[in-house]
Every structure is written in structure tokens, then in C-alpha cells.
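Thanks for making time this morning. I would like to go through one model with you, starting with its aromatic side chains and then turning to its pocket.

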Amino acid sequence: TPLDELGQRFRNAHLVACSTEGEIEGAQVFEDAIVATSICFQHTQVQVAQVRIIPGRSNHEAGVQLAELMARPMLAHLFVISSAVDCELGELTRCLTRTLPRHVALTGGVASAVCVHGRPLGNALVAVGFYGYRLRVGYGALEGEDSLRSEGLHGPGSHSPALAIVTSTAGGQAPTERAKEEARSVRALLGPTVALTGFCAQANVSPFLTSPRQTTVTTLREE
């Protein structure tokens, strides 16, 4: 399978994948495809953990367990993907935000399925943690075609990000067309040199969300 091929090619990498309604690469959005993004850091470490969400139990327990698994010195960012049908996103986000140190950025999305190293995980939370003092994380929510409500996002210039991850919640009859417009807007706002990737999620995790249906952007840059 394509995931097996990626695992063979990047043997030392953490391989995390999820199902989507559309795959974002650059300013393009694809359907029935796989978009792979590889990230290599000089001064940043990465850790992956997963927690099962048991139907009928509080999401608070899963959130606390996940935060405890990822609690290590120099944690800068937590990117969370949920494949849990019973996940109450607001409760989960509040729990993680309260449990994690205040400086830790929290973003992510909800997918119908998620895989870690080629192994599918049902009803689970998967977190990718980034650790290091030299990692600069920005995040924001797309508000219209030309504005981002953001924290730490930089446009073209010396502090522009190396990578932007878009978690689009484009719905309706033409989700890929709306996601294309959003990707182009993000590219215009952040500049042409940023590597743009992402996916169409069912809902999003972000400190700025007034609605889980709002598209979010996460940027990474190592100094």
C-alpha cells in the first residue's frame, strides 16, 4: 500500500495519516489521493502518542491521559487528530488547554479514521508533539478571503514560516472548490515561499475557534 511504501522510504520517521474529504498540496486540492508531507528538524524533537476514547466515558479522561503522555520539557506544540465518533470537541479542547502549559500551542482536526505507522486506530486521539526552544509556532482561523485571526503568524519576510498546515472544514456540495479558495488565500497571506499542506477535516481544534467548522492554519518555523 502507499502507506507501507512511505514507511519503507522513511524508516526513522513518525508516520501519521488520516482519511479526508480532500487533500491540500500547495494551492491545489485533490480527491481520492494521498498527500504526504515530510518534516525534518535540526533542533526539534517529535513524539507521537495515542489514546482510545471509550464510548460512554467522559472525553475529559482521554484529554488528561493524552496531556500526561505528552508532558515533557520543551513541549512547544501539540497537533491532535481525533477519529472518535463520540468525541465532544469543546470538552476535549478545554481539557487539553487547561492541562497543558500555557505556552503550548494546540491545533488539529477531526477525521473519520487515523493511522499510526500504517495501523488504523478507531475511536482514538492521536497527538504529534513538537519539542524544542527554537521552534516557532503560529496558528489562526481563516476569517474571509483576506484575513486571519492569528497568534504568531507572519507573512512574507525574514520571519515567514517554512510550513503551513491548513485544516479546512469546507462543507456543502463542493468542498474541494471552497478548500482551493482557502488554500489560495492562505498562500497569498503567508507568501509564496511557504510549503502549504493540509486536509479537509470534519471539524477543527484551535484556540481561536468560535465554531468547529472554521478553517484553521498552523505554521512551523525553526530558528
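Predicted model: local features only at pLDDT ≥ 70, side-chain atom pairs only at ≥ 80, totals over all residues.

Over the ring of which residue does the charged end of R72 sit? It sits over the ring of Y131, 4.3 Å from the centre of that ring, where sitting over a ring requires CZ of Arg, or NZ of Lys, to be within 6 Å of the ring centre and within 35 degrees of the ring normal.

Residues are numbered from 1 along each chain as its sequence is written, and side-chain values use heavy atoms, with hydrogens and water left out.

The structure holds one aromatic pair, meaning Phe, Tyr or Trp rings (for Trp, the six-membered one) whose centres lie within 6.5 Å, with planes under 30 degrees apart called stacked, over 60 edge-to-face and the rest tilted. F41 and F130 form this pair, edge-to-face, at 5.9 Å centre to centre and 80° between the planes. Because F41 lies in the loop between β3 (28-30) and β4 while F130 lies in strand β9, the pair ties together parts that are 89 residues apart in sequence; strands here are DSSP runs of E, at least two residues long. F41 counts as buried at 18% relative accessibility, and F130 likewise at 6%, buried being under 20% relative accessible area with a 1.4 Å probe and protein chains only.

Turning to the pocket, 37 residues line the largest one, and H14, L15, V16, A17 and T37 lie nearest its centre. A pocket, on a 1 Å grid over the protein atoms alone, is an open set of points where a 1.4 Å probe fits, with protein on both sides within 12 Å along at least five of seven lines, and lining residues have an atom within 4 Å of a point.

Note on methods. Helix = DSSP H or I, 4+ residues; strand = E, 2+ residues; numbered from the N terminus. Buried < 20%, exposed > 50% of the residue type's maximum accessible area, 1.4 Å probe, protein only.
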